[in-house]
Structures are given as C-alpha cells and as structure tokens.
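Open your viewer and get ready to click along. We will go from one stop to the next, with a note on what to select each time.

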Amino acid sequence: MKKSGNALQRKPVRIRYIVQAAFFVLVAVTATVSALNEKGIIIPFFKGVSLHGICPFGGVVSFYQLFTIGTLTKKVHESSVVLAVIGLLSALLMGPVICGWICPFGTFQQWLSGIGKRLFGRKYNTFVPRKLDRVLRFLRYGVLAWVLYMTAITGKLIFQDYDPYYALFNFWTGDVAVTGYIALALVILLSLFVERPFCKYACPFGALLGIFNLFRIFGIRRNAPTCISCKACNRACPMNIDVMAGKAVKDHQCITCFECTSEAACPVPATVEMTALPAITKDHEREGGAK
Amino acid sequence: MKLTIRTTAAAVIVLFAGGILLASALGFWVTESTKEPAKIKTGEFAGMPNPSDIRGSYTWNDISKSFGIDVGLLMQAFGVKDASTKVNTLEEAVKSLSLPPGVEIGTDAVRLFVALYTGLPHTPEESTVLPYTAAEILLREGKADKALIEAAAARAVKPAGTTPAAEPAASAVPAATGTANTAPAPAPAPAASTTKTKTETVTAPAAAAPAATTPQTATATQPAATTTTETHVEKPTGTVVGKTTFGELKQWGVSVEDIKAVLGGKIGPDPMAIKDFATQNELSFSEIKTKLQELVDKAKK
C-alpha cells in the first residue's frame, strides 16, 4: 500500500518540473529573440526582452540608485524592479519560490544533477565535507554584499561579467565576458558532483531571498508525532537541509521545492507539509539546520 | 492553513502573471528604454532633442524621426543597409574599416554625426571617430560650426587600406580641436600606417571662451589637445568625459573637497554622471570638465 501510495504521491511534484520547464523556455526564447533583435534579426510574432529586463535581481541592485538618485542602474528597466518587488513579496509569503520554481538557472543545474545522480548514485551531492559546506554556504552573502556595494558606487551592472546565468543565455552573442564563461563552466562541472552549487554557494539573489526563510508566512513544517524518522526528507532535499532536525524548516537555503514533503519524498501523509508558520500557530519551533 | 504543490503552483503563476498584468495596467511594466531622446533642458537649445541621449538600442528610423534627418542620409553616412536595425549593430557595419587601436565608430559616432549635422551640442568620447562617408555629408550639409565639422572630418576614417580622410578636410584646421559642444577628441594615429605608430596627447589648458559666432554652438574652447605625429591616444581612464561619474573621479584620486570647489560646493552621488549633474544644476559641463580634468591630471602626478 505504501509503495503504491508513494507512486501516487510523487505525481504532484511533477507540476513543479513543468512550471520550471515552462519558465526556462519562456526566458530562453525571450532572451534569444532579444539578442537576435540586437543583431538586427527580427523574429515575427515574438517580442524579445533583454535578460536584464526580466531579471528581478537587476531590480534589487537598482534599489539604491532608484531611492537616492531616482534613476535605474544602466541596462536595467522598470520591469526588473516590478519583478524584484513581486519576488520579494512571494518570498515573504512562501520563501524563495523563485529559486525552486522559476529561476531558469536553478532549473538548469537541477537538470545537470540528473547526470550527477546517474554517475554517482546515492553518493551524489554528498562530496563536500559538512564543516566546509556550512562555511561555504555563507559565501553567497559576501557575493550579495559585494554586488550591492559595487553596483551602488559604480551605477553599473557589476555582476554581469561574472554571472553564469547571463552567460548561459547569451553565450552565443559575444556579449559575455571571459569571467562569465569561466563561471558557467565551473557551475556545469560542479553540478555533476553537487546539486545546485551556484544556488548554494554563490547566488546573491538566492542569498537575499533565503533570509525570508526565517520569517516567511508559509513554511515547511514537520509533524513530529507522525514522523517515522526514515530520513527520506533529508535525502530528498537538494539543498542538504536537515528537515528532520526540527518542527519547521527555517534554514536560509530552503528553496520551497516540496521534494521533502508528504506529497513527494515523505512516505507518511500529512507529516511534512507547507503550512502557515509560527506567528499563526504560535508553536515553539526548533530551527532545522543544514546537514 | 496548508499549501500543496498544486496550490503553490497556482499561487506562483497568479502572483507573477497578476503582478505583471497589474504593473502593465499601471504603466510600470517597461522592458526597454523609450526611443525618444531626452530634451535639452537649459540654454539656447532648451526643448530640442539631445544627441547625447541617443542610445545603442535606437534604430536609424528612431533617430531620423527624433532629429528630422533623412533616414537615407543616415544610412549612407554609416554604410547601413536596413533602417530598422539598431545603432549598436554599427560595429558590424563598419567592419570593413581598419580602425587603429583606441578608436571606434559606435553609438557615440552617431551622436557626433547628429550633433554636427543639426548643430545641437554633444561632447564626444575621446575615442570617437566618424566614417569618411559621414564626414563628406557633414562637410556638405552640416549645420554646426564649420571648424567643428572640419575638425571631425580630419579624424574620419576611410575603408581599410587607405589613410584617414585628414587631408581633404583638414587643410584648414588643426589636427584636433576641442570644443565645449560638438568637438571631437584628440586625433588618433592614422589607421593605415604601421601598428607601431604611437600617438601622444598633450593636454593644453583648455580655457572656455564664450562662443563667438554661430547660432548652432553655444560655446567654443581653445584647442583641448594637440597631436604630434608620434603619439599615443590617452585612454578614457583618467579622462573626464560625458559619462564619467563622481565615483570614477574619486577613484582617480580627486578629493571630494576639490570636486565641490569646482561645482560650487555641491557634489553628486558616486554613480551619477558629472554631465547629468551639470545639466540638473544648470552648470556648463565644458567648464566643469576642463577644471576637473586639471584636477585629475594633478592627482595623476
């Protein structure tokens, strides 16, 4: 019964994969058409928008300039600011859903993880020593601080030259810096050993959204009385979060992917779920930590 | 209250699609810059479109429409075949020109051409040159001060294998003449000569002088630089141009106090272009530029 139940339960998580694939295609087509337009090639029926125009992080790095001077950082458009605001609101509500559901670069790494899993089986995503891993996970806050500071003082999109996401969708345009290509190659290589290495260690936007895990309205909760401590949730988590460690996942790296929940990995119904969190339940939660 | 994968999927889509729709309805969903250049705010040309605001994303049609220049003329000037292409594709279009290092024909060349053609003000980048075809049109039809046009024509480049168009146009003018408005920067080495050719720029005390004559240009200055045959183009680093920001000035070693002294006790935020600051505060960019350049040169020493 459990087996067939699991098979049924695993189905809903595929919805996320469909949403991810849809956003990936949308961004890829939009950025490609825009790049072609830049080269003077017009594609009928498609309106290209530059990657900067649909990048919420572009909006985030523009906030300082927007509030102090009233203008946007070069290459950033109002649409980026709109997406940044939506992204932050969605994070307040459900955590970094952008990372787990929308970000095409997260999706790209997730697809690469499929190769890694085939190569290394259960050993995949366990190569980085735990102590080192814990430290490295805070690296992205350093990246975030550096990007925000540098963008604020220069008024330019300083991260573009190091951004593997930008390199992925523009690698053929000749508009990518060597450092961007190196970053992309590094992420591709690391993704064969570690799941979502860029998200874990270097993504500045993920770092910002991750902070919302500490106080998001809807969060991942574990119902301890029904938990059978099988650790299926821990094994399923692409971000190596120790879901079993507490009643609620407040780890700054959670990407709201639902892989640990009773709709996916957890074999017991209604044991790991996304529900309204502490402020509403008033439970005293123990914070879940990274493995 | 519980959120399942399905409800979360729905929430994500509704949030983003709804947010974008709402932003569109409110007029906030703008994914590209407008194709109309900003208007000049002050001075003689107040209310006119600003050539300095031409961007790489503009098409030749956009420029034609904004500045009232025949699109065929623009295309002829820059050797473009399709008026619907963007200006930032110019580099492809001028590939046949053999440009010396540190010299480029890009968006700023279009700004310069438009400025010289219409007589509107623009301060070009140091590295900007015009193609020979554009110079020919300007010599024939340009509305800016003749000396400015001839100075720009002197630096124009011919197709690969030939020398720049200096001789025909330059006979009457010094190698390079800086002006407050539509002046090209110091002349680079001739394109066709050897790769070892070097140029050296000598910066003169460029005191601004009131414009004497033409209605097209507000002011004119002393020659900003003279060129010798063996020189080297000084790169934008350390050179105050329209895009230079306050942050860059500070990085080049100019103190906040010195900047304030030049700007009448005020200073803009680091990311702000000095030119924008000058426009906002109704200051003459040409005068500020000269004084700031002196400070930069002083700091270099």
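How many residues does the contact take from chain B and from chain A? Select both sides: there are 32 residues from chain B and 34 residues from chain A, where two residues are in contact if their C-beta atoms, placed from the backbone, lie within 7 Å.

Before going on, a word on labels: residues are numbered from 1 along each chain as its sequence is written, while chains are lettered from A and ligands numbered from 1 in the order in which they are written. This is a predicted model, in which local features need pLDDT of at least 70, side-chain atom pairs count only at pLDDT 80 or more, and totals for chains, interfaces and linings use all residues.

**Stop 1: the side of chain B that touches chain A**

Select α1 of chain B, which gives the most to this side, with 11 residues. Helices (H or I, at least four residues) and strands (E, at least two) are DSSP runs, numbered from the N terminus. By class, this side of chain B has 16 nonpolar, 10 polar and six charged residues. Here Ala, Val, Leu, Ile, Met, Phe, Trp, Tyr, Cys and Pro count as nonpolar, Asp, Glu, Lys and Arg as charged, and the others, Gly among them, as polar.

**Stop 2: strands across the chains**

Now select strand β2 (residues 272-276) of chain A together with β1(B): they pair in the antiparallel sense over two bridges. Strands pair if DSSP finds at least two bridges between them. Click Thr275(A), and you will find Lys2(B) as its bridge partner in β1(B).

**Stop 3: two helices of chain A**

Select helix α3 (residues 56-68) and helix α12 (residues 204-211) of chain A, which pack at about 75 degrees with their axes 10 Å apart. Axes are lines fitted to C-alpha atoms, for helices over the stretch in contact, and angles run from 0 to 180 degrees between N-to-C directions. α3(A) and α12(A) are therefore roughly perpendicular (65 to 115 degrees). Show Pro56(A), Phe57(A) and Val60(A) on α3(A), and Pro204(A), Phe205(A) and Leu208(A) on α12(A), to see who makes the contact.

**Stop 4: confidence in chain B**

Chain B averages 72. Over residues 161-236 of chain B, pLDDT stays under 50. Where pLDDT is low, the predicted coordinates should not be read in detail.

Key. Parallel < 35°, antiparallel > 145°, perpendicular 65-115°, else oblique. pLDDT = per-residue confidence, 0-100.
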